[in-house]
Amino acid sequence: MEYKIIEKITPGGSDRIFYRCLVENNETCILVWDQNIRDYLKLQRHLYDRGISVPDVHWADEKSNLLLIEDLGDDSLYKLSKKRRNKYPIYRAAINELVKLQIDGYPGVPISLYYDYKHIKWEQDYFKKHFLNQFCGLPRKKIKKIDGELERLAEELLKKARPWNNFLMHRDYQSQNIYIKKRKAKIIDFQSARIGPLTYDLTSLLKDAYVVIKKEEERTLINYYLDCLAKKRVRVKKREFVNLYHLTGLQRNMQALGAFANLSLNKNKSQFKEYIPRGLELLQDGLKKVGYDRLYECVTDPEVCEKCRF
């Protein structure tokens, strides 16, 4: 397929390379270089066939690790949420597609990776290494004091997630990975999907350091999500689900802080530094609701707060 490169697109945290290209009839597409192209294509075909709104693939060359995909435009959920006072319509669209991904996308999904104990501990270690130690400068001896509570969090999370654990999980379902096109949500960066709990993607969306979502908005959107689950005949006990949602939020916000620190310090992507204060605020707020006192003391330490004040 013939194409002409127009511009290079700055990616988020991805190592992939993107270009906007002009193709026939003056339409535009996105040219992607992806070293894991086979895994991407396998999952894209599965999701597309299951009716999940992911970008169309127009052409692929697996030998060159190149593919040409649908141009979703510039209207990410992130950008639109900055412009609109009323976020509900676009967030409802994102939740509609999330529920389809989690439930309709699960049967026959060509992945065997689970959001399990090993991965939870990897996220926690990532947070300790890049955020607490490398970014905040806390000594390892001081960080080690929270190990017992992190272990307890991992065990509690796995135990409480058991009833809602076998669903497809995007693993990074936040505002920069969701685009709104013709009033529908389109999902990108799904290649790191796992099988896991319903709550992780919902917390990624609603406890998102990129966008400030008010408490009332968050509660309303959780209720909307639960209504969408009910329409898919997935019944949950609201109190238990919301409790798990907040626990999962702690884990997700720690992972995000680790990522922001790593990307800004080690990957030459300094723009991610600006989201650290909001990420820390979300983690601190979440820890007020649960009995993880040492972890709360750690992330409210004056040294941590000072390093995140910019």
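Burial here means under 20% relative accessible area, with exposed set at over 50% and partly exposed in between (1.4 Å probe, protein chains only). Helices (H or I, at least four residues) and strands (E, at least two) are DSSP runs numbered from the N terminus. The buried residues of helix 7 include Leu-198, Tyr-200, Asp-201 and Leu-206. The model is predicted, with local features requiring pLDDT of at least 70 and side-chain atom pairs counting only at pLDDT 80 or more, while totals for chains, interfaces and linings use all residues. Residues are numbered from 1 along each chain as its sequence is written, and side-chain values use heavy atoms, with hydrogens and water left out.

Rings of Phe, Tyr and Trp (its six-membered ring) were paired if their centres lie within 6.5 Å, with planes under 30 degrees apart counted as stacked, over 60 as edge-to-face and the rest as tilted. By this rule the count comes to 15 aromatic pairs. Tyr-78 and Tyr-275 form an edge-to-face pair, at 6.4 Å centre to centre and 85° between the planes. This pair links distant parts of the chain, 197 residues apart: Tyr-78 belongs to helix 2 (residues 77–83), and Tyr-275 to the loop between helix 9 (238–266) and helix 10 (276–287). Both Tyr-78 and Tyr-275 are buried. The ring centres of Phe-260 and Phe-272 are 6.3 Å apart and their planes lie at 20°, so this pair is stacked. Phe-260 lies in helix 9 and Phe-272 in the loop between helix 9 and helix 10, twelve residues apart. Phe-260 and Phe-272 are buried. Ring pairs join Tyr-78, Tyr-210, Phe-260, Phe-272 and Tyr-275 into a cluster.

Glu-149 lies in helix 6 (residues 147–161) and counts as buried at 13% relative accessibility. A polar atom of the Glu-149 side chain lies 3.1 Å from the backbone nitrogen of Arg-294. Glu-306, in helix 12 (residues 302–307), counts as partly exposed at 49% relative accessibility. The side chains of Glu-306 and Arg-309 are joined by a polar contact of 2.6 Å; such a contact is a pair of N or O atoms within 3.5 Å, where within protein one must be able to donate a hydrogen and the other to accept it, and residues adjacent in sequence count only if both atoms are side-chain atoms. The C-alpha atoms of Glu-306 and Cys-136 are separated by 8.5 Å, although these residues are 170 residues apart along the chain.

Two residues other than glycine have a positive phi: Asn-26, near 60°, and Lys-182, near 55°. Asn-26 is placed in the loop between strand 2 (17–22) and strand 3 (28–33) and is exposed, with a relative accessible area of 65%. Lys-182 is found in the loop between strand 7 and strand 8 and is exposed, with a relative accessible area of 79%.
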